[in-house]
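Morning, everyone. Please look at the model on the screen while I talk.

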Amino acid sequence: MHIPYVGITDFTKFEQVEHMLRVFKAHIHPTSTRKLHVGVMMSYKTLHGLETKWSKAFPPKETVASIFASGETYNCLHYADYDKDPDFDRSLDQAVSYGGFNLNAVQLDMVWPEPDGIAYAVPGHIEVILQVGKNAIEQADNSPDTVVTMLGNYEGLIDRVLLDKSMGRGLGMDAIGLLPFARAIRKRFPTLGLVAAGGLGPDTMHLVEPLVREFPDLSIDAQGRLRPSGNALDPIDWEMAGSYLCKAFNFLE
């Protein structure tokens, strides 16, 4: 099984990583093996210098490796492409190249990407997290069995599955609704790591409790609810992020 993590996505500077790592170490249980997931966003458009509203919210691609400077954290590049890039394999290869030596994982924020592109672009020592979000679940007819069937196309290529109907927008998690999907994935692919996200923050950690009760090795990630506005275009409020880390360990082993 993969080491579980507590995630924050939208780091833009290494100083933020250092700050959150101190908070993480101060509150993690002494026997816990969890790591701090450092999530950095990149999209097809920011990779290729195309105009997008996210240009000011995501760090410049040239700085990503410097944000991943720590060897103590789980450094994950979140690569978003919901427009089905025809050269997905080459773009993903480029994106991974900006991660630097400390890149541990790539999260694919997209809808059922081409498996061949993943095999082409991601070296074996880097983990792959596949986001199964709202649109991906709808394309699978909202059926856990169909999701599991579609995940079969990625066997041997992915290491974790992220269940996330919010997709960075801060929408509250429906853990009860996600349970049948988590159960089906764990039954069919027992070695895949399970991750849940969706509206988690310092005041909403209770939302994930039904999933954690059944899957104590669950990893979590937070993004939109780590700023007062709930808008991922705004910078993270690092006091809120620190409070989220503190409260996470009230629910997690």
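**A walk through the fold**

Ile 176 is exposed, with a relative accessible area of 54%. Exposed means over 50% relative accessible area, buried means under 20%, and partly exposed is in between, using a 1.4 Å probe and protein chains only. Ile 176 has its place in helix H8.

Some ground rules. This is a predicted model, where local features need pLDDT of at least 70 and side-chain atom pairs count only at pLDDT 80 or more, while totals for chains, interfaces and linings use all residues. Residues are numbered from 1 along each chain as its sequence is written, and side-chain values use heavy atoms, with hydrogens and water left out. Helices (H or I, at least four residues) and strands (E, at least two) are DSSP runs, numbered from the N terminus.

Now the barrel. In what order do the eight strands close into a barrel? The order is S1-S2-S3-S4-S5-S6-S7-S8, and the pairing is parallel. Two strands pair if DSSP finds at least two bridges between them. From one strand to the next, the twist averages 25 degrees.

Take strand S1, residues 5–9. S1 pairs with S2 in the parallel sense over five bridges. Val 6 stands opposite Leu 36 in S2, and Ile 8 stands opposite Val 38. On to S8: three bridges join S1 to S8, and these strands run parallel. Gly 7 has Asp 221 as its bridge partner in S8.

Is S1 enclosed or open? Five of its five residues are buried, so S1 is largely enclosed by the rest of the structure. Tyr 5, Gly 7 and Thr 9 point one way, Val 6 and Ile 8 point the other way, and all are buried. From S1 the chain crosses through helix H1 (residues 14–27) to S2, and this β-α-β crossover is right-handed. Right-handed means that, with the strands pointing away from the viewer, the path from the first strand over the helix to the second runs clockwise.

Next, helices across strands. H8 lies across strand S6 (160–164) and strand S7 (193–197), running at about 170 degrees to S6. Helix H10 (residues 238–248) lies across S1, S2 and strand S8 (219–222), at about 165 degrees to S1. Axes are lines fitted to C-alpha atoms, for helices over the stretch in contact, and angles run from 0 to 180 degrees between N-to-C directions. Contact means heavy atoms within 4.5 Å.

Now helix H4, residues 88–97. Which of its residues are buried? They are Phe 88, Ser 91, Leu 92, Ala 95 and Val 96. Seen down the axis of H4, they fall within an arc of 135 degrees, so they line one face of the helix. The arc is that of the directions from the helix axis to the C-beta atoms. An α-helix has 3.6 residues a turn, so residues three or four places apart point the same way. The face of H4 turned away from the buried side carries exposed Arg 90 and Ser 97.

What do the buried residues of H4 pack against? Their partners are strand S2 (35–43), helix H2 (44–47), strand S3 (74–80), strand S4 (105–109) and helix H5 (115–121). Gly 117 is found in H5. At 5% relative accessibility, Gly 117 counts as buried. Leaving aside neighbours within four places in sequence, Gly 117 is in contact with Phe 88, Asp 89 and Leu 92.

Helix H7 (residues 144–151) has Pro 144, Val 147, Val 148 and Leu 151 buried. Down the axis of H7, its buried residues fall within an arc of 100 degrees, so they line one face. Exposed Asp 145 and Thr 149 sit on the face turned away. The buried residues of H7 pack against strand S5 (127–133), S6 and H8.

Last, the cores. A nonpolar core is a set of buried Ala, Val, Leu, Ile, Met, Phe, Trp, Tyr and Cys residues joined through side-chain atoms within 4.5 Å. The largest has 75 residues, and those with the most contacts inside it are Ile 8, Trp 112, Leu 151, Val 208, Leu 211 and Ile 220. Helix H8 (residues 175–188) gives the largest share of this core, seven residues. A second, separate core of eight residues includes Tyr 5, Tyr 74, Cys 76 and Val 195.
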